[in-house]
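Hi,

Here's the structure I promised to pass along. Have a look, and then read on for my notes.

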Amino acid sequence: MEKYAVSACLCGKNCRYDGGNKLDETIAAFAREQGALLICPECMVMKPPHPPSENTEDGRTVSKDGRDLTELFREGARRTLELCQKHGVTRAILKEKSPSCGVHTIYDGTFTGTLREGRGIAAALLEENGIEIISEDDFLEGRIF
């Protein structure tokens, strides 16, 4: 039996950098039906609200106010992986564009709204450790695991 993790913001948890969420009723219903583990890598290491962060081309994660948060985001990713492994998670639905959870695209670190291809830090770590990942867009468009 597959065990799912889902980005908590997609299920209505106010865990985004701005203290809000990105509730999607379809994904939230799926998460409830599956008994999914709700995850937020950033909340593992920071409390919202906090300045927005983006991933630069050179692999760093920086906040809009100029702080290098790379190690903090890596720690959030590690803790998320440990939690997923503890709960036997095999698949995850993650929030696209997030510096932690982006599956296909992330913001480029210029804080201009520019997207580039790439994975968020936690998404990459989960995938590297055998957890299948898709974005909320993939799920909603029927492109599932």
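Below is what came out of going through it.

First, some ground rules: this is a predicted model, where local features need pLDDT of at least 70 and side-chain atom pairs count only at pLDDT 80 or more, while totals for chains, interfaces and linings use all residues. Residues are numbered from 1 along each chain as its sequence is written, and side-chain values use heavy atoms, with hydrogens and water left out.

Let's start with the packing. By nonpolar core I mean a set of buried Ala, Val, Leu, Ile, Met, Phe, Trp, Tyr and Cys residues joined through side-chain atoms within 4.5 Å. Buried is under 20% relative accessible area, exposed is over 50%, and partly exposed is in between (1.4 Å probe, protein chains only). The largest core has 21 residues, and C84, L94 and L126 touch the most other members. Two or more residues each come from β2 (37–39), α2 (70–86), β5 (91–94) and α3 (121–128), with α3 giving the largest share, 5 residues. Those elements are DSSP runs numbered from the N terminus: helices are H or I with at least four residues, strands E with at least two. There's also a second, separate core of 16 residues, including C15 and I134.

C84 itself is buried at 0% relative accessible area. Leaving out residues up to four places away in sequence, C84 touches A5, L37, I39, V89, L126 and I131 (contact being heavy atoms within 4.5 Å).

Now for α2, which also holds C84 among its buried residues, along with T70, F73, G76, A77, T80 and L81. They sit on the same side of the helix because they cover an arc of only 140° around the axis, taken from the directions from the helix axis to the C-beta atoms. E82 and K86 are exposed on the other side. The cover over the buried side includes β1 (4–7), β2, β3 (53–55), β4 (61–63) and α3. After α2 comes G88, with a positive phi near 70°.

For C15, the nearest cysteine sulfur is that of C40, 3.8 Å away. The sulfur of C84 is 9.5 Å from its closest, in C101, which is too far for a bond.

Cheers

Terms used
A disulfide is a pair of cysteine sulfur atoms within 2.5 Å.
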